[in-house]
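Hi everyone, thanks for making time.

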Amino acid sequence: MPDPVVVIPVYNHPATIGAMVAAVRGHGLRCILVDDGSEAGCAAVLDALAAQHGQPVTLLRLASNQGKGGAMLAGLREARRQGFEHALQIDADGQHDPADIPRFVALSRRHPDAVICGCPVYDDSVPRGRLYARYLTHVWVWINTLSLAIRDSMCGFRIYPLASTVALIDEVAIGRRMDFDSEVLVRLHWRGVAVVNLPTRVHYPQDGVSHFRAWRDNLLISRMHATLFAGMLLRAPALLARRLRGGR
């Protein structure tokens, strides 16, 4: 299996993106940076990184901010256009440990048709409010898949098989902001794409930049769960039949 390309959505992370790109390149992987309408200072940093690394780093610039999901949709399509079979998603803010990238790649080689999904192992830096709120989404994802196969749908560190993922996003409107990570996994699960969970360390830097907007994004996530619940009801017989056959 060829190496995956790494897709990093970037929105105003000038202080952390350089180290992330250096870590990705240190593992010998190519990289697609998706500039999601960043301010001038961050845009200049991205221009410099693309110029410094040359062809191994592609800079894809969106004209206006689309949200994390919108940036990932653009990045996944670009990865497929470039001929890659798999894409590794990692956040730009330094929460994820790029030292775990080889573990994701090795597991993807063993399960090439599956999504390899990070399952966070938090240290003491995690905000408790966020940690507890995540469990609400976990429960809804388990309900909407009638399965416990997806242990954590909100972790932005994962590898996608591009053929099935791009087919999905070309056929179905997926959430374009913080609802993206959970929705794309649920819909891939509905289509029979396996999810393999991999524990990975997650750290919240004290000076980290978060673009989660509590009212807007919680509203979008709530609407997503309601939409997926309706979809689950339609698919419930097929999902239950899959469980009876030994599927997840």
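Let's start with R61 and D35, whose side chains meet in a salt bridge at 2.7 Å, N to O. By salt bridge I mean a side-chain nitrogen of Lys or Arg within 4 Å of a carboxyl oxygen of Asp or Glu. This pair links distant parts of the chain, 26 residues apart: R61 sits in strand β3 (residues 57-62) and D35 in strand β2 (residues 31-36). Helices (H or I, at least four residues) and strands (E, at least two) are DSSP runs, numbered from the N terminus. The structure holds 14 salt bridges.

Quick housekeeping: this is a predicted model, where local features need pLDDT of at least 70, side-chain atom pairs count only at pLDDT 80 or more, and totals for chains, interfaces and linings use all residues. Residues are numbered from 1 along each chain as its sequence is written, and side-chain values use heavy atoms, leaving out hydrogens and water.

Next, the helices α6 (residues 162-171) and α7 (residues 180-190): their axes come within 11 Å and cross at roughly 105°. Axes here are lines fitted to C-alpha atoms, for helices over the stretch in contact, with angles from 0 to 180 degrees between N-to-C directions. So α6 and α7 are roughly perpendicular, a label for 65 to 115 degrees. On the α6 side, S164, T165 and L168 make the contact, and on α7 it's V184, R187 and L188, with contact meaning heavy atoms within 4.5 Å.

Last stop, helix α8, which is where you'll find L233. Thanks, all!

Methods: Parallel < 35°, antiparallel > 145°, perpendicular 65-115°, else oblique.
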